[in-house]
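Work through these exercises with the sequence and the 3D view side by side. Try each task before reading its solution.

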Amino acid sequence: MSERLYTVLLYSDDPKVRDRMRLAVGTRPAPGLEIEFAEASDYAECVRLVDDYEIDLLLLDGEATPGGGIGIARQIKDDRDDAPPTCVVLARAADRWLAAYAEVDATLTHPLDPVTTGTTVAELLRRTHAVA
């Protein structure tokens, strides 16, 4: 099976959170999937990267400040017909209702479990990009 390279945008104002996201996803979350990462630390940078590059998935920190991942997900979905799938990492599972309102495709909770994170990322990429 040939590997396909996907770009996942990690968004958080905290570099340690971005590191934990990267480690939880890994560079090969499933057979046939290879991941490269782009990073954004603020809202403007996140939107610029989505506009300027082919981003296959957004992994957004719901606890980032001042722009949280849920708000960014909603804004990108509202502004773009071709918005990439979004996954927001939440501190509280109870906030999933808010993520659903923002039309987020998936949620994860802190602390990130590598198995669940890798599986979620692989499912979103396969579903959106029809990976065999």
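**Exercise 1. Find which residues G26 is in contact with, leaving aside its neighbours within four places in sequence.**

Solution. Contact means heavy atoms within 4.5 Å. Leave out the neighbours within four places, and G26 is in contact with I35 and F37. The model is a predicted one, where local features need pLDDT of at least 70, side-chain atom pairs count only at pLDDT 80 or more, and totals for chains, interfaces and linings use all residues. Residues are numbered from 1 along each chain as its sequence is written, and side-chain values use heavy atoms, with hydrogens and water left out.

Helices (H or I, at least four residues) and strands (E, at least two) are DSSP runs, numbered from the N terminus.

Then check its exposure. Buried means under 20% relative accessible area, exposed means over 50%, and partly exposed is in between (1.4 Å probe, protein chains only). G26 has a relative accessible area of 22%, so it is partly exposed.

Last, take a distance. G26 and D52 are 26 residues apart along the chain, and their C-alpha atoms are separated by 24 Å.

**Exercise 2. Describe the overall build of the chain.**

Solution. Count the elements: the chain has five helices and five strands. Read from the N terminus on, they run β-α-β-α-β-α-β-α-β-α. The radius of gyration is 13 Å, close to the 14 Å that the globule rule gives for 132 residues, so the chain is as compact as a globular protein of that length. That radius is taken over C-alpha atoms, and the rule is 2.2 Å times the number of residues to the power 0.38.

Now the extent. The C-alpha trace spans about 40 × 30 × 25 Å along its principal axes. Of the 132 residues in the chain, 45% are buried. Take the contacts with a separation of 6 or more: residues 24 or more positions apart account for 64% of them.

**Exercise 3. Which residues have the most contacts inside the largest nonpolar core?**

Solution. Start with the term. A nonpolar core is a set of buried Ala, Val, Leu, Ile, Met, Phe, Trp, Tyr and Cys residues joined through side-chain atoms within 4.5 Å. The largest one has 21 residues, and M21, I35 and L59 have the most contacts inside it. The elements that give two or more residues to this core are β1 (4-11), α1 (15-25), β2 (33-40), β3 (57-61), β4 (86-90), β5 (106-109) and α5 (114-129). Another core, of 20 residues, lies apart from it, with C46, I76, V88 and A99 among its members. In soluble globular proteins, nonpolar side chains tend to be buried together.

**Exercise 4. Is L59 buried or exposed?**

Solution. L59 lies in strand β3. Its relative accessible area is 0%, so L59 is buried. Skip residues up to four places away in sequence, and L59 touches V8, L9, L10, Y11, M21, V25, C87, V89 and L108. L59 and S12 are 47 residues apart along the chain, with 9.0 Å between their C-alpha atoms.

**Exercise 5. What is phi of E103 near, and where is the place of E103?**

Solution. Phi of E103 is near 65°, a positive value in a residue other than glycine. E103 sits in the loop between α4 (96-101) and β5. Its relative accessibility is 44%, so E103 counts as partly exposed.

**Exercise 6. Which residues is D95 in contact with, leaving aside its neighbours within four places in sequence?**

Solution. D95 is found in the loop between β4 and α4. Its relative accessible area is 16%, so D95 is buried. With those neighbours left aside, D95 is in contact with I70 and L90.
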